[in-house]
Amino acid sequence: MKLQLALDLVDIQGAIDLIKEVEEHVDVVEIGTPVVINEGLKAVKEVKTAFPDLTVLADLKIMDAAGYEVSQASAAGADIITILGAAEDESIKGAVEEAKKQGKQILVDMIAVKDIETRAKELDELGADYICVHTGYDLQAVGQNSFEDLHTIKSVVKNAKTAIAGGIKLETLAEVVKHQPDLIIVGGGITSKEDKKAAASEMKELMLQG
Ligand SMILES: O=C(CO)[C@H](O)[C@H](O)COP(=O)(O)O
């Protein structure tokens with residue numbers, strides 16, 4: 001089980017400073033969608049240059065022109081690139097094909113997918129490296145989470161790794177760990193804490209025990 005730190009509310013220097021604090025406890029660093037919108041793929045490039053040994057995920061949430069966008073993120077140094085599960089199969093195929101060509105991986109974000117079970121089976125067959133259930137900020141705000149969806153994808157996915165994101169905190173981590181996803185994505189659960197290093201360390205410890 002790996003821990004991914006999601007960085008959404010920082011600029012490039014803020015991202016670099018934050019990663020320095022927690023890098024020994026995290027496996028993957030995500031350059032979040034708002035950061036890419038604000039700073040462009042330069043954010044991915046600068047973080048990868050500063051931390052060449054860390055796995056960097058570019059949370060592009062691709063919806064179209066997938067092969068091209070994956071090629072651009074790959075050139076910037078991303079190791080994993082995200083596409084939306086709601087995208088057309090042709091887009092998923094384009095992303096997977098380009099990622100394979102570049103030696104990168106694709107994480108499919110299931111945000112807003114209604115029939116999680118059917119789509120997860122299809123995405124698994126289309127060659128996704130990761131399938132990630134995700135409760136975005138707008139549904140977190142009305143009290144939702146993705147724990148049940150994680151159970152659903154775990155029961156149907158045969159090849160892809162599974163991941164979960166959305167509002168995961170130290171207090172809810174044990175519930176997530178119980179379902180044994182391959183990747184747990186945490187943003188605010190670490191970045192909102194005064195002592196971010198301690199938060200990441202406690203979370204990683206709990207995952208290792210699980
Ligand atoms: O992709 C995202 C929002 O769309 C976030 O990066 C993801 O939800 C993790 O952050 P948090 O733990 O704060 O919810």
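Trainee: How many salt bridges does the structure hold?

Mentor: This predicted model holds 11 salt bridges.

Trainee: Which residue does Glu122 meet in a salt bridge?

Mentor: The partner is Arg119, with an N to O distance of 2.8 Å. Both residues belong to helix H6 and sit 3 residues apart, about one turn of the helix. Glu122 is partly exposed at 33% relative accessibility, whereas Arg119 is buried at 10%. Through shared partners, salt bridges join Asp89, Arg119 and Glu122 into one network.

Trainee: And Glu98, with which residue does it form a salt bridge?

Mentor: With Lys101, the closest N and O atoms being 3.3 Å apart. Glu98 counts as buried, at 12% relative accessibility, while Lys101 is exposed, with a relative accessible area of 63%.

Trainee: Is Asp124 buried or exposed?

Mentor: Asp124 is buried, because its relative accessible area is 6%, under the 20% limit. This residue is located in helix H6 (residues 116–125). From Gly103 it is 21 residues away in sequence and 18 Å away in space, C-alpha to C-alpha.

Trainee: Turning to the strands, how do S1 and S2 pair?

Mentor: Strand S1 (residues 2–7) pairs with S2 in the parallel sense, over 4 bridges. Within this pairing, Ala6 stands opposite Glu30 in S2.

Trainee: What about the two faces of S2, covered or open?

Mentor: Both faces of S2 (residues 28–31) are covered. Val28 and Glu30 are buried on one side, and Val29 and Ile31 are buried on the other.

Trainee: Next, the backbone. What is phi of Lys61?

Mentor: Phi of Lys61 is near 45°, a positive value in a residue other than glycine. Most residues other than glycine have a negative phi. Lys61 lies in strand S3 (residues 55–62) and is partly exposed, at 25% relative accessible area. It also forms a salt bridge with Asp59, with the closest N and O atoms 2.9 Å apart; Asp59 is buried, at 5%.

Trainee: Where does Gln180 lie, and what is its phi?

Mentor: Gln180 lies in the loop between helix H9 (170–178) and strand S8 (183–186). Its phi is positive, about 50°, although Gln180 is not a glycine. At 36% relative accessibility, it counts as partly exposed.

Trainee: Finally, which residues gather in the patch of negative charge?

Mentor: Asp11, Asp17, Glu21, Glu194, Asp195 and Glu202 gather in that patch on the surface. One of them, Asp195, is found in the loop between helices H10 (188–191) and H11 (196–209), and is partly exposed with a relative accessible area of 46%.

How values were computed
Residues numbered from 1 in each chain as written. Predicted model: local features only at pLDDT ≥ 70, side-chain atom pairs only at ≥ 80, totals over all residues. Heavy atoms only, no water. Patch = residues over 30% accessible without salt bridge, like charges linked within 9 Å, V, L, I, M, F, W, Y side chains within 5 Å. Areas by Shrake-Rupley, 256 points an atom, 1.4 Å probe, with all protein chains shown as cover. Salt bridge = Lys/Arg side-chain N within 4 Å of Asp/Glu carboxyl O. Lys, Arg positive; Asp, Glu negative; His and termini not counted. Charge placed at Lys NZ, Arg CZ, Asp CG, Glu CD. Buried < 20%, exposed > 50% of the residue type's maximum accessible area, 1.4 Å probe, protein only. Pairing = 2+ DSSP bridges.
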